[in-house]
Every structure is written in structure tokens, then in C-alpha cells.
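Q: I have a structure open and want to walk through it. Can we start with the sheet and go on from there?

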Amino acid sequence: MQGISHPAAVAPFAPPSGWRALTPENDPWDPIRSLQRFGRHELTSVELTVTHLCNMRCEHCAVGDSLTMKEAPHLPLELVLRRLDEVEHLETISMTGGEPTFSMETVRNIVIPVLKYARSRGIRTQLNSNVTMDYERYELIAPYLDVMHISFNYTQPEDFHEVGFARTGRNVSADTTSKMFERMIDNTRKLTKGGLFVSAESMINYRTYKKIADIHRIIAEMGCQRHEVHPMYPSSFASGLPAVTRTQMFEAVETLLDNRNPDIWMLFGTLPFFACSENEEERRLVRRLWEENKVTVRNDPDGRNRVNVNMFSGDVYVTDFASVPSFGNIQQEKLDDVFAKWREHPMQQAVNCHCPAASCCGPNLLVSDMYYRDTDFKTRRAIP
Ligand code: SF4
């Protein structure tokens, strides 16, 4: 195990010395690693939902329906840490919300203790945040964090206003949101300058697919080390939003590859394009993604090597947006036992294919539901 070492004075948020850097070659969140190592999917990653409070109401938010104005009490932290202790192959912990930094109580009582726990065990961490709150709270968190994961789908304050506040149910002035937008950019710059690894995620959707290269440029200007790109699949709270076609998605990915900053790691996820596709153009794109320097396609962790734990109820889900009902609870069960049940679940089995030659372990559930309802992936193989 790697122990805690104090952050260097020059880059206060840099990882402890001696820890292997997170790079395209070292992405501990990718389930292909544990599949290769153990010969089957194992639980190596736990995501904790630490709050249902948020200062925004993004139109695409996967958990929008569960956001609240008042928080219920958390389960005792000792119980959660004990359950994490029991996970035999635990490598990563992610924390999500809501906005995990919205309440200082959550920051002090949950976020920082979990991060310190992870550092003491040599476990990598990610926090999903909109980084629009005051910088001081990020400064408290950053020395113990590996990846600050932010959403970034904007080229100007007007986009931020439309995307982030469409569903607040109250009138938030353009002036207020413009200040938040500036603060988000300013906070990100300060964090990356301080040595923190910031991964900015953009969705390819009806708003962004034509300006994705401009979004990428701004992400690079903020100093982010990674740009993570996923298609948006309208589900749950976002089910009313228009979907982009596969062709538009294809074009957006190609545009990004043509215009990307070569110094930034581009991570694509949940794409609907596979090495087993009968469509030659899609296979060509898959090959291009594979061959380009500093570009990776991460297999989807949800239900492969990761589960989500709700820190209020203890319920365990495959994803944080709960379109699949909970299949266990940490108040009664060990996480490895809950995961073993999921591994045998028909929904997991339906997409449980693996082509080592393509480093692929199948589509995620939303992709398969949206584009491949009649496809049996277990009968398909990657085409060389
Ligand atoms: S692992 Fe599944 S989705 Fe990936 S290339 Fe093979 S058959 Fe296709």
C-alpha cells in the first residue's frame, strides 16, 4: 500500500510523490484492467452519492429527479468505511451528488474524511463537482484528491445559463449565472495551476455537437489535463431532450479528433461504435480512436467494476441515476457479495461480451437499450 505523503509546496495539489501518474496508459477506472487481471469482472471501484443538494438544475442531469432542497442524515461514516475496507480489490472511489461541495457540512464530515481514508489505503479518488462554489472549499479538498471531474458544455455564459438553470423552477438572473460561470473557470484554472488533475467532461448532444471543438479549446485554456467526452443518452430526468443521431455523433467525434490539442488526454466513453460493427466506417473510427496518441476509449465502469452506494439509504445501484432498481444495501451486506449477485443478473449477462483484441468489454446498458435492442453481443466478435 502507498501511504500518505505531504503535498509538495510548489504544486500543493499534486499527488503524493511515488504514486503512478494517471495517464492514458494508467486509468484505474477502466474495467478492462480488472477483467484482464482476474479473468472476470470484479468490484474495484465504488461510487458514493454523498448529497442530493445542488445549486444548479442542469437540463441533462442524470440524477435531476432525486435532487432535494433539504438533506436527510447520512449513514454513519464508520459503516461506509467498513464496507469499503471489506472490498478485496478496491482501487478507486468516486464521490458524486448533487453538488458534493454545496454544503460545508458534507465537505467536512464526508468528502474530506473519505479522501483521507482513500489516501491512507493508496486508493485513487474522483470528485464530481460543478466547481461553481467559493474557491476556499476546493482548496480544502484538493490536497487529498486525485481527479476533480467537472462538466463543461459551454462556449459562453449564455450556454451555461440555458443548460444549468433551465429547470431551477425560479428565475435566476443572467447576471448571477454569468458570475458563476466566471467563478467556475477561475476555480478550474487555480486548481490545475496548483497541480490538481482536472478532467472536464462534455456531452455530445443537440446543443454541443456543432461546437464541440470550441468547447475543447476552452477546456485546454483552463489547463485541464483530460477532456472526457460521452454522447448524451436521454434518460430519467433528461428523457425529454432531443437525441442526436448516430451520424451526428460520429461527426462530432471526428471533428474533435481533427481539432484536438495533442497535449491533452482525450477520453471517450459510452460510444455506440464497436470493433464488431458491420459498418465499415464505424470500424474505421474505432481503429482511429485506438491508434491516436493520447486518445483512449474507456469501457463503461457501471456494473462492470463499479457500483454506486447511496450514503443516506445504503442502497446499492449499478449507476447513480438508478434506472435499474437497487440490488442490495450496505446496512445488511458486504459490497463484494452485492456485486456477485449483480454479476449473475440477466441485465449484466446480456451485455457481458469481451473481445481481448479490441480491449472491449461490451456496450453499456443505455447504449444497448437505445441502439442495439435486437443485438446479441455475445454472438459477435471484433472484426480485425
Ligand atoms: S466486446 Fe462486445 S461490443 Fe466489444 S467488439 Fe466484442 S462483441 Fe463487440
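This is a predicted model: local features need pLDDT of at least 70, side-chain atom pairs count only at pLDDT 80 or more; totals for chains, interfaces and linings use all residues.

Q: How many residues of E5 are buried?
A: 7 of its 8 residues, which leaves E5 mostly covered.

Q: What about the strands paired with E5, how many bridges join them to it?
A: Strand E4 (residues 147–151) runs parallel to E5 and is joined to it by 5 bridges. There, Ser151 is opposite Glu201 of E5. E6 also runs parallel to E5, with 6 bridges between them. Met203 is opposite His230 of E6.

Q: Change of topic, helices. At what angle do H5 and H6 pack?
A: About 105 degrees, for helix H5 (residues 157–165) against helix H6 (residues 174–193), and their axes are 9 Å apart. H5 is therefore roughly perpendicular to H6.

Q: Which residues make that contact?
A: From H5, they are Pro157, Phe160, His161, Gly164 and Phe165. From H6, they are Ala174, Thr177, Ser178 and Phe181. By class, the contact of H5 with H6 has 5 nonpolar, 4 polar and no charged residues.

Q: Which residues of H5 are buried?
A: Phe160, His161, Val163, Gly164 and Phe165. H6 is part of what covers the buried residues of H5.

Q: Now the core. Which residues touch the most other members?
A: Val46, Leu145 and Val307, in a largest nonpolar core of 91 residues. As a general background, nonpolar side chains in soluble globular proteins tend to be buried together.

Q: What is Val307 in contact with?
A: Apart from neighbours within four places in sequence, Val307 is in contact with Leu43, Val46, Val316, Tyr317, Val318, Leu335, Val338 and Phe339.

Q: I was also looking at Ile93. Where does it lie?
A: In strand E2. Ile93 counts as buried because it has 24 C-beta neighbours inside 10 Å. Leaving out residues within four places in sequence, the contacts of Ile93 are Val46, Leu48, Leu84, Val114, Ala118, Ile123 and Thr125.

Q: And His89, where is that found?
A: In the loop between helix H2 (77–85) and E2. His89 has 13 other C-beta atoms within 10 Å, so it is partly exposed. Not counting residues up to four places away in sequence, His89 touches Ser34, Glu42, Leu43 and Thr44.

Q: How many Å separate the C-alpha atoms of His89 and Lys179?
A: 43 Å, with the two residues 90 apart along the chain. For Ile93 and Thr208, 115 residues apart along the chain, the C-alpha separation is 29 Å.

Q: On to backbone geometry. Where is the cis peptide bond?
A: Between Gly97 and Gly98, with omega about 15 degrees. Gly98 lies in the loop between strand E2 (92–96) and helix H3 (104–121).

Q: What is the phi of Thr270?
A: Near 45 degrees, a positive value in a residue other than glycine. Thr270 is in the loop between E7 and helix H9 (280–291).

Q: Is Thr270 buried or exposed?
A: Buried, because it has 20 C-beta neighbours inside 10 Å, and the cut-off for buried is 20 or more.

Q: What about Ser359, what is its phi?
A: Near 50 degrees, again a positive value in a residue other than glycine. Ser359 is in the loop between helix H11 (346–350) and helix H12 (365–371). With 18 other C-beta atoms within 10 Å, Ser359 is partly exposed.

Conventions: Residues are numbered from 1 along each chain as its sequence is written. A nonpolar core is a set of buried Ala, Val, Leu, Ile, Met, Phe, Trp, Tyr and Cys residues joined through C-beta atoms within 7 Å. A residue is buried if 20 or more other C-beta atoms lie within 10 Å of its own, exposed if 12 or fewer, and partly exposed in between; C-beta atoms are placed from the backbone. Two residues are in contact if their C-beta atoms, placed from the backbone, lie within 7 Å. Axes are lines fitted to C-alpha atoms, for helices over the stretch in contact, and angles run from 0 to 180 degrees between N-to-C directions. Helices (H or I, at least four residues) and strands (E, at least two) are DSSP runs, numbered from the N terminus. Angles under 35 degrees count as roughly parallel, over 145 as roughly antiparallel, 65 to 115 as roughly perpendicular and the rest as oblique. Ala, Val, Leu, Ile, Met, Phe, Trp, Tyr, Cys and Pro count as nonpolar, Asp, Glu, Lys and Arg as charged, and the others, Gly among them, as polar. Two strands pair if DSSP finds at least two bridges between them.
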